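Please look at the structure before reading on.

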Amino acid sequence: MNYKQKLMLPMCAAFLLYGCNSEDNSNGADKNAEDAKTVSQDSSTEVDPQVKAEVKDVEGKTLGTVNFSADENSVVIETALEGLEPGYHGFHVHENAACDADAKEGPFTTAGGHFNPTEETHSSHAGDMPPLYVKEDGTAKYTATLDSITVDQLKKEELAVIVHANPDNFANIPDHYGANGEKGPDEDTLKTGDAGDRQACGIVVSEEEK
Ligand SMILES: [Cu+2]
């Protein structure tokens with residue numbers, strides 16, 4: 001190979017590369033358009049309006065917000081709350097978008113029972129969420145993933161989030177806890193998990209309604 005031949009090789013390679021590149025560019029443009037399509041599809045799921053509930057205590061003080069967002073076939077629940085009693089609290093989505101702290105039957109009883117469209121026993125209610133754990137300083141940070149409720153239901157059904165005073169036993173009272181000849185959980189336990197009074201409430205609203 002003489003000097004000229006040696007010089008020609010990289011030039012040809014460069015030409016081929018360039019030729020190849022320019023072809024690639026036109027394909028690349030299509031590919032970019034495709035990518036843009038994919039991205040806009042992705043962002044349309046991202047901008048899919050989230051659902052939120054601003055949770056307030058009986059005095060009307062805001063304790064924080066509960067966020068619901070879709071993740072494939074699940075709902076991700078995220079919240080940071082403050083001003084609660086330390087320990088575990090029953091935490092549910094209830095069937096009415098009504099948070100009346102002065103309700104005759106007791107604070108936030110206007111929210112009704114747990115969201116339970118399929119009429120299951122407690123622990124299988126669509127509105128049942130894992131309990132909320134509140135730290136000694138009265139704050140709670142919480143993330144849970146559920147496939148028992150959908151963002152669509154949260155958007156459309158006019159619901160509320162309730163924080164209860166007591167832990168939730170999910171109606172799990174084994175028979176050997178029966179007292180006075182009565183065995184197992186009573187009707188109230190089966191319905192509510194004995195989570196007690198309602199300490200805070202937030203109406204579930206879709207971002208698109210705002
Ligand atoms: Cu509840």
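The sections below treat the basis of the model, its sheet and its pockets.

## Basis of the model

The model is predicted; local features need pLDDT of at least 70, side-chain atom pairs count only at pLDDT 80 or more, and totals for chains, interfaces and linings use all residues. Residues are numbered from 1 along each chain as its sequence is written, and side-chain values use heavy atoms, with hydrogens and water left out.

## The sheet

An open sheet is formed by 7 strands, ordered β5-β8-β9-β1-β2-β3-β7 with antiparallel pairing. Strands are DSSP runs of E with at least two residues, numbered from the N terminus, and two strands pair if DSSP finds at least two bridges between them. Because β5 (91-94) and β7 (140-146) stand at the edges with a single partner strand each, one side of each has no neighbour in the sheet.

Strands β1 (residues 51-57) and β9 (residues 198-206) run antiparallel and are joined by 5 bridges. Within this pair, D57 stands opposite A200 in β9.

## The largest pocket

A pocket is an open set of points on a 1 Å grid over the protein atoms alone, where a 1.4 Å probe fits, with protein on both sides within 12 Å along at least five of seven lines; lining residues have an atom within 4 Å of a point. The largest pocket holds about 190 Å³ of space. Its lining includes H94, H114, H125 and H164.

## The second largest pocket

About 160 Å³ of space lies in the second largest pocket. Among its lining residues are H164, D188, T192 and R198.

Note on methods. Points joined across faces, edges and corners; volume = space filled by probe spheres on them. Helix = DSSP H or I, 4+ residues; strand = E, 2+ residues; numbered from the N terminus.
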